[in-house]
Amino acid sequence: MIKNNTGPSSRQLKVGENIRKAISYTMQNHSFHNPVIDNVSILITEVRVSPDLSNASVYVSTLGGLNDSEELVKALNHSYRPLIGPLTRELKLRRAPK
């Protein structure tokens, strides 16, 4: 019998939720030295992790939705590297998902 797995596993959901919490906590305590990011209240709404836990998609929203989302996403994609070390230590993972 072949099992048709259409949704994420419980491990993916658990790791995704832990990553979401860790990113939120780390972003509150980190200065990016980028006015686009530092002057906006960012909500991490969801994190989807690949089955092998090597990649993650992080979904964000801003409070009020007043800022240019395209500019904010570009700034976040450019400035995520300083978060990798603290996230890996916080999550106690060997390697943080990309």
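# Briefing: hairpin, helix crossing and selected residues

Strands E1 and E2 make a hairpin in which six residues lie between the two strands, and leucine 53 in the turn has a positive phi of about 60°. The model is predicted. The protein chain contains four helices and two strands, arranged along the sequence as α-α-β-β-α-α.

**Overall chain**

- The C-alpha trace of the protein chain spans about 55 × 30 × 20 Å along its principal axes.
- The protein chain has 98 residues, of which 29% count as buried.
- Taking contacts in the protein chain between residues at least 6 apart in sequence, 56% join residues at least 24 apart.

**The strand pair**

- Strand E1 covers residues 42–49 and strand E2 covers residues 56–62; the two run antiparallel and are joined by seven bridges.
- Leucine 43 has serine 61 in E2 as its bridge partner.
- Valine 47 is bridged to valine 58 in E2.
- In a regular strand, side chains alternate between the two faces of the sheet.

**The loop between E1 and E2**

- Leucine 53 is located in the loop between E1 and E2.
- Leucine 53 is not a glycine, yet its phi is positive, at about 60°.
- Asparagine 55 is also placed in the loop between E1 and E2.
- The relative accessibility of asparagine 55 is 40%, so asparagine 55 counts as partly exposed; the partly exposed class lies between the cut-offs of under 20% for buried and over 50% for exposed.
- Not counting residues up to four places away in sequence, asparagine 55 touches Arg48, Val49, Ser50, Pro97 and Lys98.
- Asparagine 55 and arginine 94 are 39 residues apart along the chain, and their C-alpha atoms are separated by 14 Å.

**The crossing of H1 and H4**

- Two packed helices are described by the angle between their axes and the distance between the axes.
- Helix H1 spans residues 10–28; the axes of H1 and H4 come within 10 Å and cross at roughly 130°.
- The crossing of H1 and H4 is right-handed.
- On the H1 side the contact is made by Asn18, Ile19, Ala22, Ile23, Tyr25, Thr26 and Met27, and on the H4 side by Leu83, Pro86, Leu87, Glu90 and Leu91.
- By class, the residues of the contact of H1 with H4 are nine nonpolar, two polar and one charged.

**Threonine 88 in H4**

- Helix H4 covers residues 81–91 and includes threonine 88.
- Is threonine 88 buried or exposed? Threonine 88 has a relative accessibility of 17% and therefore counts as buried.
- Apart from neighbours within four places in sequence, threonine 88 is in contact with Leu93, Arg94, Arg95 and Ala96.

**Histidine 30, between H1 and H2**

- Histidine 30 is in the loop between H1 and helix H2, the latter being residues 35–38.
- With a relative accessibility of 28%, histidine 30 counts as partly exposed.
- Which residues does histidine 30 touch, not counting residues up to four places away in sequence? Histidine 30 touches Pro82 and Leu83.
- The C-alpha atoms of histidine 30 and proline 86 are separated by 10.0 Å, with the two residues 56 apart along the chain.

**Tyrosine 80, between H3 and H4**

- Tyrosine 80 is placed in the loop between helix H3, residues 69–78, and H4.
- Tyrosine 80 has a relative accessibility of 36% and so counts as partly exposed.
- A separation of 14 Å lies between the C-alpha atoms of tyrosine 80 and valine 36, which are 44 residues apart along the chain.

Note on methods. Residues numbered from 1 in each chain as written. Predicted model: local features only at pLDDT ≥ 70, side-chain atom pairs only at ≥ 80, totals over all residues. Heavy atoms only, no water. Pairing = 2+ DSSP bridges. Buried < 20%, exposed > 50% of the residue type's maximum accessible area, 1.4 Å probe, protein only. Contact = heavy atoms within 4.5 Å. Axes fitted to C-alpha atoms, helices over the stretch in contact; angles between N-to-C directions. Left-handed = near helix turned anticlockwise from the far one by under 90°. Nonpolar A, V, L, I, M, F, W, Y, C, P; charged D, E, K, R; others polar.
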